[in-house]
Amino acid sequence: MKNIFFTASNKMADLIHANYHLLPVIERFGIPLGFGEKTVSQVCLSRNVDENLFLMVCNVYSNAAYVPSGKTVTSFPISALTDYLLESHRYYLEDRIPHIGRHLSDMVKSYPRDKADIMTGFFNQYRHEVAEHLEYEEKTVFPYIKALDNGDRKTDYSISRFEKNHTDIQEKLVDLQNIIIKYLPCPEGSCQQNEILYDLFLLDEDLGRHTLIEDKILVPLVNELEKKAEK
């Protein structure tokens, strides 16, 4: 996929044709299919979606070299960004990871019990780590940001603690990919390994974009809020 940059005048349907990986992204914004010939601007207006945030996320997902400028980052409310990130959490925990888990359960049925248990245990550990990581953001980081955005800083917490503890939830995903690629040959007549790997690579890519948005966009925004609160 070539690097693409979208604008508000692009037709929404053209975004999907240009990068089908945006399908789950538009779902997180609450935008259903069936937008006809409407532009991005028209669809965002009709669905009460912040146009600048939507375009920024779509461009992050469609251009590996794109890092939003300061002007772009400050063009939408931080509450809209945290709402989007929360929807991303829901997508990972309620959709993608359970989907991969079901495929994995079917796949290991054809393997000896010891290998099946190792694979299942490894995946369940990964699922648990992701859930813990996202729960920390939802129960600690996002409430802090909301309070800060409302002018309330009655805590000694700071976004620098989030940066230091922002663990890499993709590392175990790569380990799981390697186990399947290197050590689990496909049984004759089966392509389940390929299907799971495809899902794992898509999830890995999505999580990478999610992490970039948090590190390069959310954290700088919160840093600015903290500076204002200290004045």
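Author: Helices (H or I, at least four residues) and strands (E, at least two) are DSSP runs, numbered from the N terminus. On that basis the protein reads α-α-α-α-α-α-α-α-α-α along its sequence.

Reader: How many helices and strands does the protein have?

Author: There are 10 helices and 0 strands. Along the principal axes, the C-alpha atoms of the protein fill a box of roughly 60 × 50 × 25 Å. The model is predicted, with local features requiring pLDDT of at least 70 and side-chain atom pairs pLDDT 80 or more, while totals for chains, interfaces and linings use all residues. Residues are numbered from 1 along each chain as its sequence is written, and side-chain values use heavy atoms, without hydrogens and water.

Reader: How should I read a helix pair, and at what angle do the axes of α9 and α10 cross?

Author: Axes are lines fitted to C-alpha atoms, for helices over the stretch in contact, and angles run from 0 to 180 degrees between N-to-C directions. Helix α9 spans residues 171-183 and helix α10 residues 192-230; their axes come within 10 Å and cross at roughly 160°. Therefore α9 is roughly antiparallel to α10 (under 35 degrees is roughly parallel, over 145 roughly antiparallel, 65 to 115 roughly perpendicular, the rest oblique).

Reader: Is the crossing of α9 and α10 left-handed or right-handed?

Author: A crossing is left-handed if the near helix is turned anticlockwise from the far one by less than a right angle, and right-handed if clockwise. The α9 and α10 crossing is left-handed.

Reader: Which residues in α9 and α10 meet?

Author: Contact means heavy atoms within 4.5 Å. From α9 come L173, V174, L176, Q177, I180 and I181, and they meet Q193, I196, L197, L200, F201, L203, D204 and L207 in α10. By class, the contact of α9 with α10 has 11 nonpolar, 2 polar and 1 charged residues (Ala, Val, Leu, Ile, Met, Phe, Trp, Tyr, Cys and Pro count as nonpolar, Asp, Glu, Lys and Arg as charged, the others, Gly among them, as polar).

Reader: At what angle do α7 and α10 pack?

Author: Helix α7, residues 113-149, packs with α10 at about 25°, and the axes are 11 Å apart. So α7 runs roughly parallel to α10. In this pair the crossing is left-handed.

Reader: Which residues of α7 and α10 meet?

Author: In α7 they are Y126, E137, F142, Y144, I145, L148 and D149; in α10 they are L203, L207, H210, E214, L218, V222, L225, E226 and A229. The contact of α7 with α10 holds 11 nonpolar, 1 polar and 4 charged residues. L203 and L207 of α10 meet residues in α7, and L203 and L207 also belong to the α10 residues that meet α9.

Reader: How do α4 and α6 pack, and how far apart are their axes?

Author: Helix α4 covers residues 51-62 and helix α6 residues 78-107; the angle is about 50°, with axes 10 Å apart. That angle therefore makes α4 oblique to α6. The crossing of α4 and α6 is right-handed.

Reader: Which residues in α4 and α6 meet?

Author: L53, V57 and Y61 in α4 meet A80, L81, Y84 and Y92 in α6. This contact of α4 with α6 divides into 7 nonpolar residues, with no polar and no charged ones.
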